[in-house]
Amino acid sequence: MDITRALVRAAGWTAAGYWLVYTVGKVYMASRGEIGMPGRPAPPEAYADIADPALAQLGNAALGLAAAGLALAAILPAARGIPRPVLLGALTIGAVFTVLGLTATLMHSAPWPETVITAIGAFAFTAVTVAAYRRAPGTATAAPPAARAPV
C-alpha cells in the first residue's frame with residue numbers, strides 16, 4: 001500500500017472516529033436532558049429557546065453520525081457509486097462544519113483534551129476532503145487502479 005493511500009485512509013478513519021466520539025457525547029447529554037458538551041453543560045440561559053434539550057441533542061447526534069458516515073464514504077470503494085459532485089459537496093459542507101466546531105471550541109476556551117481532539121478531527125476531515133478533490137489514491141473519487149499512471 002503506497003503512503004498516500006495509507007495517509008488518506010488514516011485521515012478518513014480518524015475523521016469518522018472524531019465524529020463518532022462527538023455522537024456518543026451528544027447521546028450522553030441527551031440522556032441527561034442537557035445541552036452542551038460532556039463536562040461542559042450550557043449555562044441555564046441557553047435553555048430559554050430550546051423546548052426539548054434531549055431531542056435537540058439527539059438531532060446533533062444524528063448529524064454527527066451522518067458526518068462519520070460521510071468521512072467513511074470518502075474512503076470506501078463502495079461509495080464510488082455516489083456521484084462525485086454530490087460526494088464533494090457533502091464533504092465540503094462537512095469540512096466547513098468541522099472547522100467551525102474547532103473555532104467554537106477555541107472561542108469557548110474548552111479544556112485542552114477536547115480542543116486537541118477537535119483539532120485532530122478538523123484536520124483529518126479537511127485532509128480527506130482535499131484528497132477527494134484531488135482524486136488521491138485511497139479515496140472513493142480516485143481513478144481506478146488501471147487508469148492511474150505507473151509511479
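**Figure 1. The buried residues of helix α4.** Glu114, Thr115, Thr118, Gly121, Ala122, Ala124, Phe125, Val128, Thr129, Ala131 and Ala132 are the buried residues of α4, where buried means under 20% relative accessible area with a 1.4 Å probe, protein chains only. They pack against α1, β1 (36-37), β2 (40-41), α2 and α3 (84-107); contact here means heavy atoms within 4.5 Å. Helices (H or I, at least four residues) and strands (E, at least two) are DSSP runs, numbered from the N terminus. This is a predicted model, in which local features need pLDDT of at least 70 and side-chain atom pairs count only at pLDDT 80 or more, while totals for chains, interfaces and linings use all residues. Residues are numbered from 1 along each chain as its sequence is written, and side-chain values use heavy atoms, leaving out hydrogens and water.

**Figure 2. Helix α4 from end to end.** Helix α4 (residues 112-133) has 22 residues and reaches 31 Å from its first C-alpha to its last. That is close to the 32 Å expected at 1.5 Å a residue, the expected span being 1.5 Å times one less than the number of residues. After α4 comes arginine 135, with a positive phi near 55 degrees.

**Figure 3. Threonine 105 and its contacts.** Look in helix α3 for threonine 105. This residue is buried, with a relative accessible area of 8%. Leaving aside neighbours within four places in sequence, threonine 105 is in contact with Ala110, Glu114, Thr115 and Thr118. Glu114, Thr115 and Thr118 are also among the buried residues of α4.

**Figure 4. Helix α1 against helix α2.** Helix α1 (residues 3-32) and helix α2 (residues 53-73) pack at an angle of about 170 degrees, with their axes 8 Å apart. That makes α1 roughly antiparallel to α2, the term for angles over 145 degrees. Axes are lines fitted to C-alpha atoms over the stretch in contact, and angles run from 0 to 180 degrees between N-to-C directions. Among the residues that meet are Trp13, Trp19 and Tyr22 in α1 and Leu58, Leu65 and Leu72 in α2. The residues of this contact divide into 17 nonpolar, five polar and one charged; Ala, Val, Leu, Ile, Met, Phe, Trp, Tyr, Cys and Pro count as nonpolar, Asp, Glu, Lys and Arg as charged, and the others, Gly among them, as polar.

**Figure 5. Stepping back to the chain.** Four helices and two strands make up the secondary structure, in the pattern α-β-β-α-α-α along the sequence. The C-alpha atoms fill a box of roughly 60 × 30 × 20 Å, taken along the principal axes. Of the 151 residues, 37% are buried.

Technical notes: Parallel < 35°, antiparallel > 145°, perpendicular 65-115°, else oblique. Buried < 20%, exposed > 50% of the residue type's maximum accessible area, 1.4 Å probe, protein only.
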